[in-house]
Every structure is written in structure tokens, then in C-alpha cells.
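Subject: Handing over the structure

Hi there,

Here is the structure I promised to pass on to you. Have a look at it first, and then read on for what turned up in it.

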Amino acid sequence: MRGLFWATSWVTPELVLVAVRALNFTSMKVLKLGLTLVRHGETQYNKEGLLQGQTIDSGLSEIGLQQAEAAGRYLKDVLFSNVFVSDMLRARQTAEAIMRQNRSCCGLRMVCDPLLKERSFGIAEGGHIKDVREMAKAAGQTFPDFTPPEGETQDQVKERVERFLDKTLRRIWDERRRDGGEDDRGERAPAEAPPDEGTAEDGVRGTPLHALVVTHGAYMCVAARYFVEELRCPLPPGSDKAAMLSISPNTGLCRFILTLRKEEGGVELSHVRCVFMHRRDHI
């Protein structure tokens, strides 16, 4: 390649770099991506057992601000390449606290996405969660499956999860391609995961692509169920499925490792692994 390019005097080292990146652009076939989901910190509504949903855009309580700062300290040395956040105030405040303490986030832009909003609970928003549980019981349903009048069904929330994933994975793939990145594993299956050590870097140590996603409790619950039940993502050994698919605590952390593969006509999510669910070591 050196002889081919440098035989022409007008070719600069910068053009050689562009050409090399172009070769990588076409050869990239597989990417591994870490995805860390964080529920926002506590709000006064959380403290009082009230539903917020989408119409009540409350900020963090004093305890919630402390939780967000604690999450930031816990994640301070974890490498992130992207940050995606619900456009609701409680999620943005949580993300700001995490980013402020993380060295890798200095040059990153927080991308606010309405697809990450909390589930809408319709006319029940602002009311007590225990009242909605009673409504669900009267209808012969459990609380997570029950949809209050004018609220979102779980399937509608799942559709938002799918749309966010599709858009985000394509975005990250295209960004990586433009940067000339590639994964030299080719068509091989994902390597066996190293044992987790109970640290903030579990599953993502040495992984250059890692997205921080700050969102909401009911949304995370639907997303986790989608990963496990529809994408066949195995839970960590010894996990209790019911507990793992329950609502995460405020600033609880869930982490997944996604393998993306280039297919004809687009990008395919070919493998998902759960590293941990509802981790709360920082609070």
C-alpha cells in the first residue's frame, strides 16, 4: 500500500489514514457494546409512594441528589462512549451527576431521547401506587400488567424500547465505522465472558464502546423483560427471575453486553448477555 500511495507526490499521510479507515469501514463485521441502564434518583413522589409517569416532571429530592452523586462516584472510572437520557428532569439530573464525576464523559454530549420516558400511567398519575394495585386486583391483573385508563400498555412501552434500541445501535455502528474502528473477531461467536469481580467495570473492562442510559423504573422493567424473554438473554447464574425482572431501586444499575453483526441490509443484534441486574453497591 505504501508504494501505491507514495508513488504520487500529492498524497499526504492524512490521505493514507483516510484510505486505511475506508478499508476498515467496509471490513467491519462485528461490534461488542456495553449497555448500562440506570434508574433516576429518588424524587419526593417516589418517597411518598406516588406515581409520576410522564405528566409529572419532578426533580430529585435531597436523597435523590445524594444517590445520583453516589452513582457517579461508583462509575467514575468506567469508560463510556455514549450517553443517552430520558428527557424528563429527574433522569437528566441523575445523568448530570454521573457525567460530572466521570473522566470519560468530559467530551461527551448527553443525548436526551423521549423514547426513554417513563411509562404513562394515564389518569393514575399523581395518585398512590397502592390505589393502582387495588384497581389492578379488582380487574384480576397484577400491577405491572395492569393499564390504567389513558395509560400505556406494556406492549406500547416495549415498542418504544425496540425503537430506541434500533435507532441507537445503528447510530453507534455508524459512528464506529466513520472512526475507522473494526472488530477483528470476524464471524466468531462471542468469547466466553470473564468472571465478574463485583466491581463497577464488570463486563466492560477494555470495551471501548459502552453506552450509559439513564431512564425510569417501569421502563427498565419492560426493557429487562424484553431482553430476557424475547431476545433470550440469560440471567446471571443463581439469579431469581422474578426478582431480576422487578422494579429497580432508585439509581439501581443493570448492565448488558450486546454483540452487533453486520448483515445484508443493516445491523443485527446477534447476542445479548446480562452482567448484573439492580446493582446498588453505591447506595
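Over which residues does pLDDT stay under 50, and how many contacts beyond four places in sequence does the model have for them? The stretch is residues 1–26, with 19 such contacts. Here pLDDT is the predictor's confidence in each residue, from 0 to 100, and a contact means heavy atoms within 4.5 Å. Residues 183–190 also have a pLDDT below 50, and the model gives this stretch 15 contacts beyond near neighbours in sequence. Where pLDDT is low, the predicted coordinates should not be read in detail. For the protein, the mean pLDDT is 87, and 84% of the residues reach 70 or more.

A word on how to read the rest. This is a predicted model, in which local features need pLDDT of at least 70 and side-chain atom pairs count only at pLDDT 80 or more, while totals for chains, interfaces and linings use all residues. Residues are numbered from 1 along each chain as its sequence is written, and side-chain values use heavy atoms, with hydrogens and water left out.

Let's start with helix H7. Helices (H or I, at least four residues) and strands (E, at least two) are DSSP runs, numbered from the N terminus. H7 covers residues 154–178, 25 residues in total, and reaches 36 Å from its first C-alpha to its last. That is close to the 36 Å expected at 1.5 Å a residue, where the expected span is 1.5 Å times one less than the number of residues. Among its buried residues are Val161, Phe164, Leu165 and Trp173; buried means under 20% relative accessible area, exposed over 50%, and partly exposed in between (1.4 Å probe, protein chains only). The elements covering the buried residues of H7 include strand S1 (30–39), helix H8 (217–230) and strand S6 (266–279).

Next, the interior. A nonpolar core is a set of buried Ala, Val, Leu, Ile, Met, Phe, Trp, Tyr and Cys residues joined through side-chain atoms within 4.5 Å. The largest one has 36 residues, of which Leu35, Phe84, Phe227, Phe256 and Leu258 touch the most other members. S1, H7, S4, H8, S5 and S6 each supply at least two residues of this core, and H8 gives the largest share, 8 residues. A second, separate core of 21 residues includes Met99, Val204, Leu212 and Val275. Going back to Leu35, the residues that it touches include Leu165, Phe227 and Leu258, not counting those up to four places away in sequence.

What about the cysteines? A disulfide is counted when two cysteine sulfur atoms lie within 2.5 Å, and by this rule the count is 0. Cys105 is in no disulfide, its nearest cysteine sulfur being that of Cys106, 7.6 Å away. The sulfur of Cys233 is 5.2 Å from the closest one, in Cys274, too far for a bond. Cys233 is buried, at 2% relative accessibility.

Glu150 lies in the loop between helix H6 (129–138) and H7 and is exposed, at 69% relative accessibility. His278 sits in strand S6 and is buried, at 14%.

Enjoy exploring!

Best wishes
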